[in-house]
Amino acid sequence: MPVVAPEVAPAQGRQRHGDTTVGRALAMLRRLFSATAAESTTLTEYARSIQQPLTTGRQIAVTSIRGGAGKTTVAALLALTYAHYRTDPVLALEADPALGTLPRSLGATEIRWSCADLARLVDPSMQLTDLTGYLVPYPGGWLLPASQGTIGGQLDVESYRIVMTAMRRYFGTTVVDCETLPAEVARTAVTTTQARVLATPATVEGVAATRTILDWLGGLHRSMRPTTVVALTHTSPDTTMDVRRATEHLQHGGAQVAVLPYDRHLAAGGEVRTSLLAGETRRAVARLTAMVTDCAMSRERRASGTSR
């Protein structure tokens with residue numbers, strides 16, 4: 001099945017760079033005439049966190065309390081960043097069957113098998129090369145859609161559990177683009193993965209709703225909030241939110257907050273191309289991915305008595 005109908009695809013138009021032409025020129029001048037050692041050191045630290053060795057597959061759930069929060073965009077950014085930095089197999093799994101857009105965000109042109117289909121087919125005797133025949137490649141990784149572009153083929157919790165249990169032995173990192181909370185599969189995903197990301201719009205309403213979710217997670221188990229990262233996304237260039245106060249409110253109980261700035265390329269929708277991201281966005285995404293990786297590995301570090 002095509003991800004986008006051929007008659008609709010041309011409506012996308014030309015993709016824009018996240019930075020304006022003037023912004024790119026100024027950034028180039030700053031690189032030429034200012035010291036960049038500190039920035040390079042910071043990016044190296046992010047890369048080191050993202051590339052840390054894994055003992056078993058790490059699975060990360062990305063969800064939100066409502067639509068329009070940038071959930072799928074955040075999932076795509078994480079999947080692309082892991083595929084860029086890591087050498088072990090990376091899987092982007094879509095668990096949002098209601099016409100989710102993760103395949104489009106990752107540049108897929110067609111959909112093959114769905115998550116529910118694979119739940120009926122996966123077998124312990126399969127090798128990775130057998131499994132990838134059912135997946136869709138994206139730059140550096142593999143994609144498993146939730147549906148074939150139709151309404152009604154819902155993904156149930158049992159199918160989700162079967163697939164996630166099976167995928168862990170094949171893929172070092174799995175990024176799950178969940179449906180919005182409080183849907184059943186999303187609740188299962190955020191409580192069974194090693195780390196979770198809550199995409200939150202940079203609005204008072206978004207922050208208040210996400211704090212409610214964080215309090216709910218804290219009531220489930222004391223380890224849930226410290227292994228959760230809130231991706232505070234700016235979907236408008238004119239936001240007036242006090243980011244410092246919003247961050248302090250969301251960090252209650254140990255949750256971490258990563259701020260994703262407004263980016264013209266991401267705001268336009270369609271395929272996410274990291275080469276078109278603004279410089280500030282690329283740094284923010286690297287920081288977010290490093291934070292999520294540290295959360296996903298926190299239990300192992302505690303068991304070994306090490307810390308970052």
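Predicted model: local features only at pLDDT ≥ 70, side-chain atom pairs only at ≥ 80, totals over all residues.
Helices here are DSSP runs of H or I with at least four residues, strands are runs of E with at least two, and both are numbered from the N terminus. Axes are lines fitted to C-alpha atoms, for helices over the stretch in contact, and angles run from 0 to 180 degrees between N-to-C directions. The crossing of α7 and α8 is right-handed, meaning that the near helix is turned clockwise from the far one by less than a right angle. On the α7 side, Val157, Tyr160 and Arg161 make the contact (heavy atoms within 4.5 Å), and α8 contributes Glu184, Val185, Thr188, Ala189 and Thr192. These residues divide into four nonpolar, two polar and two charged; Ala, Val, Leu, Ile, Met, Phe, Trp, Tyr, Cys and Pro count as nonpolar, Asp, Glu, Lys and Arg as charged, and the others, Gly among them, as polar.

A word on the ground rules: residues are numbered from 1 along each chain as its sequence is written. Local features need pLDDT of at least 70 and side-chain atom pairs pLDDT 80 or more, while totals for chains, interfaces and linings use all residues, and side-chain values use heavy atoms, with hydrogens and water left out.

Now turn to the sheet. Its eight strands form an open sheet in the order β3-β4-β2-β5-β1-β6-β7-β8, with mixed pairing; two strands pair if DSSP finds at least two bridges between them. β3 (136-138) and β8 (256-260) stand at the edges with a single partner strand each, so one side of each has no neighbour in the sheet. From one strand to the next, the twist averages 25°.

Helix α12 (residues 279-296) lies across β1, β6, β7 and β8, running at about 160° to β8. Helix α3 lies across strands including β1 (58-63) and β5 (173-178), and runs at about 170° to β5.

Helix α3 also leads us to a pocket: with five residues, α3 gives the most to the lining of the second largest pocket. Ala69, Gly70, Lys71, Thr72 and Thr73 are the closest to the centre of this pocket, out of 30 lining residues. By class, the lining has nine nonpolar, 15 polar and six charged residues. A pocket here is an open set of points on a 1 Å grid over the protein atoms alone, where a 1.4 Å probe fits, with protein on both sides within 12 Å along at least five of seven lines; lining residues have an atom within 4 Å of a point.
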